[in-house]
Amino acid sequence: TTYLFLHGHLMHLLFNMLVLWMLGSEVEEKVFGSKGFLIYYMACGIGAGLFNFIFSYQSAVPIIGASGAIYGILVAYAVFFGNRMMILFPFPVMVRAKHLVLMIVGIELVSSVFYTSDGVAHLAHLGGMIVGYLYIRYKLNGPPGMFFRRWRYQRKFKIINGGRNQ
């Protein structure tokens, strides 16, 4: 898990910490709480590393950085605050958070197939997103056998100052 605390260069670190501050603080404060957020963050980060190891174990790309956990935070933000409008930087276009995250998923899927030697562990990003989504689904719906049923809003998360998709 030490790879979560290493970064390849300063911009990698700054971008991860910017997303953590901008989106993670709200997810922590309004959904998970401090302890729950730490558990979620670490689960996404460890899941990202395992996902990358399982699906690209022959890759020469080192796994460093918190990007897998950060992408998990993107998923949590999209699930709980998906209708919030965000600016699609650098374009002056507003999109809903859930649509932005879906675009990021698409970019990572394409990148994991066509850009395997660009020095970025795209499968780790996808792994963080998948683990984050499954974690949230499990917390909302219960055991894995219920994954394919409609979402039941049992409110196992304590959402303060508002509700779903604000």
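Buried, here, means under 20% relative accessible area. Keep that cut-off in mind. The model is a predicted one.

Start with Phe80. Its relative accessible area is 2%, so Phe80 is buried. Phe32 comes out at 12%, so Phe32 is buried by that cut-off too.

Now the rings. The structure holds six aromatic pairs. Phe32 and Phe80 make one of them: 6.3 Å between the ring centres, 80 degrees between the planes. Planes over 60 degrees apart count as edge-to-face, so that is the label for Phe32 and Phe80.

Where do Phe32 and Phe80 lie? Phe32 is in helix H1, residues 10-55. Phe80 is in helix H2, residues 67-81.

Next pair: Tyr40 and Tyr135. These rings are edge-to-face as well, 5.3 Å centre to centre, with 65 degrees between the planes. Tyr40 sits in helix H1 and Tyr135 in helix H4, residues 122-141. That links distant parts of the chain, 95 residues apart. Tyr40 is buried or exposed? Buried, with a relative accessible area of 0%.

Phe32, Tyr40, Phe80 and Tyr135 form one aromatic cluster.

How many of the residues of H2 are buried? The count is 15 of 15, so H2 is mostly covered. From first C-alpha to last, H2 reaches 20 Å. That is close to the 21 Å expected at 1.5 Å a residue.

Technical notes. Residues are numbered from 1 along each chain as its sequence is written. This is a predicted model: local features need pLDDT of at least 70, side-chain atom pairs count only at pLDDT 80 or more; totals for chains, interfaces and linings use all residues. Side-chain values use heavy atoms; hydrogens and water are left out. Rings of Phe, Tyr and Trp (its six-membered ring) pair if their centres lie within 6.5 Å; planes under 30 degrees apart count as stacked, over 60 as edge-to-face and the rest as tilted. Helices (H or I, at least four residues) and strands (E, at least two) are DSSP runs, numbered from the N terminus. Buried means under 20% relative accessible area, exposed over 50%, partly exposed in between (1.4 Å probe, protein chains only). The expected span of a helix is 1.5 Å times one less than its number of residues.
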